[in-house]
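I am opening my notebook to look through this structure. My plan is to go topic by topic and write down what I find.

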Amino acid sequence: MPPEALVQSHHFEALGTKCSLFAVGQSRGRLLEGEFWVRRLGARLTRFSPESEMSLLNRRAGEWVAITDETEAVLRAALRAHEMSGGLVNAAVLPSMLAAGYTRSLEEGPGVATLDSVRPPPSLLYALELRNGEARVRTGCGVDLGGIAKGWMADRLAEVLGPNVVANLGGDLRTQGSGPRGDGWPVGLGGATLLLRDQGAATSSVRRRRWGAMHHLIDPRTGSPARTGLEEVSVVAASGFEAEVIAKTALLLGPELAPAYCAAHAMAWWLSP
């Protein structure tokens, strides 16, 4: 067995979660650059800052709004996620999230739930329009990128930091390269440790980001917080973005359909009722 290479690591909090970067053959300064990139893009995509691109886009619903290239790329990824999941991963759930009381960062405490007014959100294909350098949210709609952005960002960051790295953004992660021993990067998944190489992993859960009986994962079929019989799903896929979409879709499908869905779309998976 070859000797284990020195791994440089860097941990920080961003995107409302804990993030970690690991690399072989990279300096700590390079990983700090990765953190700064996450913070800069996260500041554009958050809905909790009135100055962000997403807040402006939602606030000016009905109007075309200029957006940066990276924001456009993440919005296009959200449209792909909607199509890949048959509409179950729907970034147009913002009105439902607000109705559930997720009106601000949970560090500041949740708002008041008004679920009596909730209704299923429209298809993202209706709610969001894109053209080069501009986006428009239809009047009465709202978009929240959530885990889609984290999975996409983990993929981009690993590619930029590569060739032998892990970018883990709150559980949405991407591995690049052969890891410190040459046999892959060790990643914990469902109580087991897997060795991943040029793969992504993600966990979708209703156990975190909870307030009272409410949580952040909205079922777009009802517009209410999901109650499907599954509480957590973790998967391995070809990328962090794909893993995020597959995990969330499986959780929303529930225990009867999720195993067959994961068998068809994931490289490995773990379901928790």
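I am working with a predicted model, where local features need pLDDT of at least 70, side-chain atom pairs count only at pLDDT 80 or more, and totals for chains, interfaces and linings use all residues. Residues are numbered from 1 along each chain as its sequence is written, and side-chain values use heavy atoms, with hydrogens and water left out.

**Entry: salt bridges**

I looked for side-chain nitrogens of Lys or Arg within 4 Å of a carboxyl oxygen of Asp or Glu, which is the rule for a salt bridge. The count came to 17 salt bridges.

I took lysine 150 and aspartate 172 to begin with. Their closest N and O atoms are 3.7 Å apart, and they form a salt bridge. Lysine 150 is in helix α6 (residues 146-161) and aspartate 172 is in strand β7 (residues 172-176), so I noted that this pair links distant parts of the chain, 22 residues apart.

Next I turned to glutamate 232. Its side chain meets that of arginine 207 in a salt bridge, 3.8 Å from N to O. Glutamate 232 is in strand β15 (residues 232-237), while arginine 207 is in the loop between β10 and β11 (210-211), 25 residues apart. Glutamate 232 is buried at 11% relative accessibility. Arginine 207 is partly exposed at 37%.

Glutamate 232 also has a salt bridge with arginine 208, at 3.4 Å from N to O. Arginine 208 lies in the loop between β10 and β11 and glutamate 232 in strand β15, so this pair ties together parts that are 24 residues apart in sequence. Arginine 208 is partly exposed, at 45% relative accessibility. I also found a network: salt bridges with shared partners join Asp155, Arg156, Glu159 and Arg174.

**Entry: rings**

I counted ring pairs: rings of Phe, Tyr and Trp (its six-membered ring) pair if their centres lie within 6.5 Å, with planes under 30 degrees apart called stacked, over 60 edge-to-face and the rest tilted. I got 1 aromatic pair. Phenylalanine 48 and tyrosine 102 have ring centres 5.8 Å apart and planes at 45 degrees, so the pair is tilted. Phenylalanine 48 is in the loop between α1 (28-45) and α2 (53-59), and tyrosine 102 is in the loop between α4 (94-99) and α5 (124-127), 54 residues apart. Phenylalanine 48 is partly exposed at 38%. Tyrosine 102 is buried at 6%.

Then I checked charges over rings, where NZ of Lys or CZ of Arg must be within 6 Å of the ring centre and within 35 degrees of the ring normal. The charged end of arginine 80 sits over the ring of phenylalanine 241, 5.2 Å from its centre. The charged end of arginine 131 sits over the ring of tryptophan 64, 3.9 Å from its centre.

**Entry: cysteines**

How many disulfides are there? I found 0 in a search of the whole structure, taking a disulfide as a pair of cysteine sulfur atoms within 2.5 Å. Cysteine 19 is buried at 1%. Cysteine 262 is buried at 0%.

**Entry: backbone**

I reminded myself that most residues other than glycine have a negative phi, and most peptide bonds are trans. Here a cis peptide bond joins glycine 162 and proline 163, with omega about 15 degrees. Proline 163 is in the loop between α6 and β6 (165-169).

Leucine 15 has a positive phi, near 60 degrees. I placed leucine 15 in the loop between β1 (7-14) and β2 (17-24). Leucine 15 is partly exposed at 28%.

Aspartate 198 also has a positive phi, about 55 degrees. Aspartate 198 lies in the loop between β9 and β10, and is partly exposed at 39%.

Methods. Buried < 20%, exposed > 50% of the residue type's maximum accessible area, 1.4 Å probe, protein only. Helix = DSSP H or I, 4+ residues; strand = E, 2+ residues; numbered from the N terminus.
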